[in-house]
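Subject: Structure for your review

Dear colleague,

Please find below the structure I am handing over to you. My notes on helix packing and salt bridges follow it.

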Amino acid sequence: MSIDFAPASDARRGFLRTLLLAGGSLAIGAGLPEAFAAAPGAATPFAPNPFLRLGADGSVTVICGKSEMGQGVLTGLAQIVADELDADWRSVKVEQAPVHADYANPKAPLMSTGGSTSVRLNWERLRQAGAAARAVLVAAAARQWQLEPAQLSTRAGRVLGPGGRSAGYGELLALAATLPVPQDPPLKNSRDFTLIGKPLPRLDTPGKVDGSAQYGIDMRLPGQLVAVMAFPPAFGATLLKHDPAPALAVKGVRAVIPVSGGVAVLAEHTWAALQGRKALVTEWSPGPLGDTGMEALRERYAAALREPGLVDLAQGSPRTTPGRSLSLEFEQPFLVQASMEPMSCTVHIRQDSAEVWTGTQHQTVAQREVARIAGLKPEQVRIHTLLLGGGFGRRGAPDFVRSAAEIAKAAGRPVKLMYTREDDMRGGYYRPYNRIRIDASLGGDGRIDSFQARIAVAAISKWTGFAFLRKPNGVDQYATETLAPPYAIPNLEVRWIDTDPGIPIWFWRTPGGNQNCFAAESMVDELAHRAGRDPLAFRLAMLDGRPRQRAVLELAARAAGWDRPPPAGSARGIAMCEIFGTVVAEVAEVRIENGQPRVTRVTCAVDCGTVINPQQARAQVESSIVYGLSALLYGEATVEKGAVQQSNFHDYPVLRMHEMPPVDVHLVASDAPPGGMGEPALPPVLPAVANALRVLTGKRITRLPLRLEG
C-alpha cells in the first residue's frame, strides 16, 4: 500500500523535500471527473463508486474525503475499503478527495474532518463501497466463466473459482464496467476481516521521512509571492491609517495591501515579508474590546452563573439536601490549539477559476470563501488538501484562507500567506474561557442523588456559523457535552448560560468534553471522598444496568493495580468519559516533585467498538493524553486590553518529552460499530490527575491550569 507523493526535490529546509506541483495524489482538486481520470496513456480505470478506483494493472485507489493531520485517517479508511474489497494490500493506494457532496459528513452538509467522525460516520458507506466493487468483480468473473457467483470467492485482489480458476481484479475490469453495481451488497462478518483490526504501518510515514510529503507551509508555485499580515493589536480594532513606504523600502517587498483581517506585506520571500512588516507603520482604533482584561472577564462569568440560562437536560427533581450537599465552582481558561505547523494557505485566482493549496479541516467552507471573494462559483474553485501539521479544530477556521484569497485577488498572482507562531497564538479562535458551577447531593444509600450543573461559556455554533450545532432546545451542542456524568443519577439538571465577551473562539480537541469532563468527574470524586467511599467503588455502585461503562472502568482500574498501594509518595486518581460513541476510563499516578505535580503513569481503557488499526488507536490515546496534560499543567491564554498576551512556547508551554509519562493502553475487544478515537481519551486525563492530587494534598483543584498553593 502506498500514498502517491511526487518525486522529492532537494529543497525543504535542507532535509525534507518539496512535493512537485505537477505530482502528488494528495493534491487532487475539485471536480469528480478529474479525480477519477486515468493517467495519460493508461487504460481507463473502473470507478464503481466515489470512494474507489481500480486499474487494469491491479491497482486499487481509495479516495479519502478526510484530512490527514497525524491521526492516520489515510491508512485507517483505506483499510476499511480494502478489507471489504478483499484487495491485495500491496496494490492499494490512497488519494485525497476533491470537494464534492459525496464526501460530505453524513450528518452535516460539509466536507470536513473533526469531532472524531472520520471512521464512525464513514464505516458503513466505506464498507459498502468495497463490498459493492467486490460483488461486481465476482459477477464479471462468473459471467466470463459461465458459473454462479456463489461458486466463487475472493482473496488478495483475485477472484477464485473451481478447478483452480483465478483472475486478478485488473483482468476483469472491462467486463465489470458493463455490469450494474449493487447498491446494498452483503458485508463481511467481522470474523472474516483480514485487514481491519491489524496494526498495519502508517502509509504517510515514508513520505514524511524522505521529504516527499507536502504540508501547506511547503507550497511553492512559479511566480509566487509570500505574504505575512500585520494584525490588529486588539480583537475588533480597525485600521485607521497606514504608511506603506517604509515597508516598500525593504529589499524584496513588492506590495502592501490592506485586507479585512489586517494589512498584508507581500515579498519575494518570507524574510523580506517579515522585515517589511516590521517596518510598516500602522494606526488602529482601540476597538470594542480595548479595555477588556481577565479580571473583568472573571467577574462577568461569575455573575453569569447566577442567571437562569437554558435547560439542556432535566430528569427527576434536582435538589439540595442539608448536610449531604456540596457546591463547587470551576474556572478554565482560553486555550490555544498550538499545532506544530502554523497556519498557511496558497491561492492563485484567475479570471474563470481559482486554486487553493492548504491544510484545512473544512474543505467546503474554504471553497465557498474563496469563491465568494473571487466572484466565482464554488465548483470553479479547486481545493488541494495538503497534509496538516496538526489541526485540533483550528484548521477548520476560515481566517487564513479568507485572507490569502483577498491578498491573491488584489495581487493578481499566486500568493502564499504564512502565519508565524506569534500570529497563530494571538490570532484568535481559542477554546473558550468558561466557568462551571455544580451543586450535588448524596442520597441515604451513599450514592449521588442529585446533580445540578450550569456552565457559562460562549457558543461555538455562533462563531462557526454552523446552525446544526444548536439543539432543538436552543442549547449549543458543545457547551454542555459530557457535563452530565456517565452514571445513573436519579435527579439531574444541566443548564447553559450563553456568555460571549467577543473573543473569537473555535473548536479545540474534544470540544465540550475537554472542559466539562474535568468539572463533572472532579465533583463525582469529591462526593466519593465526602461519602467516605473508595472513588472506584463509588463509581461502580452507580453503573447498574450499564455494562459497557462498568467493564471499561474495571479494566482501567485492574490494569493500573488499583487494588494495590501506589509507590511511596504517589497517589492514583480515576475518571471516566463517554463521548463520540466511545467510553474511556483512565487512572493517573501522580507525585509531587519540587512542589509541582509530576504524572508518572497513565493507564487507559477504551471501548471504541471495532478497532480499525490498534497501532493507530493506541497512538491517538497517547496523543490525546499528552495534549490534555499540556492543557492541565500549563495551558492558559490570558487577555489584556483586548488581546491575548502569550506569543510562543516560552510563555505558552506544552509538555516536554522528559515530562511525558508512560501510557498503558487497553483496547476492549468488540465487534460493535466503531466510535471516535482521535479525541475521547483527552477529557478524562484532566480529572484523573486532579483526583490523584486530591489524595496527595487534601485539596480539590477547581481552577486550571494546575496551581499548587500552600
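Helix H13 (residues 513-531) packs with helix H17 (residues 685-697) at an angle of about 30°, and their axes are 8 Å apart. That angle makes H13 roughly parallel to H17, a term used for angles under 35 degrees. Axes here are lines fitted to C-alpha atoms over the stretch in contact, with angles running from 0 to 180 degrees between N-to-C directions. Helices (H or I, at least four residues) and strands (E, at least two) are DSSP runs, numbered from the N terminus.

This is a predicted model, in which local features need pLDDT of at least 70 and side-chain atom pairs count only at pLDDT 80 or more, while totals for chains, interfaces and linings use all residues. Residues are numbered from 1 along each chain as its sequence is written, and side-chain values use heavy atoms, with hydrogens and water left out.

On the H13 side, the residues that meet H17 are Asn-514, Cys-517, Phe-518, Glu-521, Ser-522, Asp-525, Glu-526 and His-529. Their partners in H17 are Leu-686, Pro-687, Ala-690, Asn-691, Arg-694 and Val-695 (contact means heavy atoms within 4.5 Å). By class, this contact of H13 with H17 has six nonpolar, four polar and four charged residues.

A salt bridge is a side-chain nitrogen of Lys or Arg within 4 Å of a carboxyl oxygen of Asp or Glu. The whole structure holds 45 salt bridges.

One of them pairs Glu-68 with Arg-202, with 3.3 Å between the closest N and O atoms. Glu-68 lies in the loop between strand E4 (60-64) and helix H2 (73-85), and Arg-202 in the loop between helix H4 (173-176) and helix H5 (205-210), so the pair ties together parts that are 134 residues apart in sequence. Glu-68 is buried at 1% relative accessible area, whereas Arg-202 is partly exposed at 22% (buried means under 20%, exposed over 50%, partly exposed in between, with a 1.4 Å probe and protein chains only).

Glu-331 and Arg-703 also meet in a salt bridge, at 3.5 Å from N to O. This pair links distant parts of the chain, 372 residues apart: Glu-331 is in strand E15 (residues 325-332) and Arg-703 in the segment after H17. Glu-331 is buried, at 8%, and Arg-703 is partly exposed, at 33%.

Yours sincerely

How values were computed: Parallel < 35°, antiparallel > 145°, perpendicular 65-115°, else oblique. Nonpolar A, V, L, I, M, F, W, Y, C, P; charged D, E, K, R; others polar.
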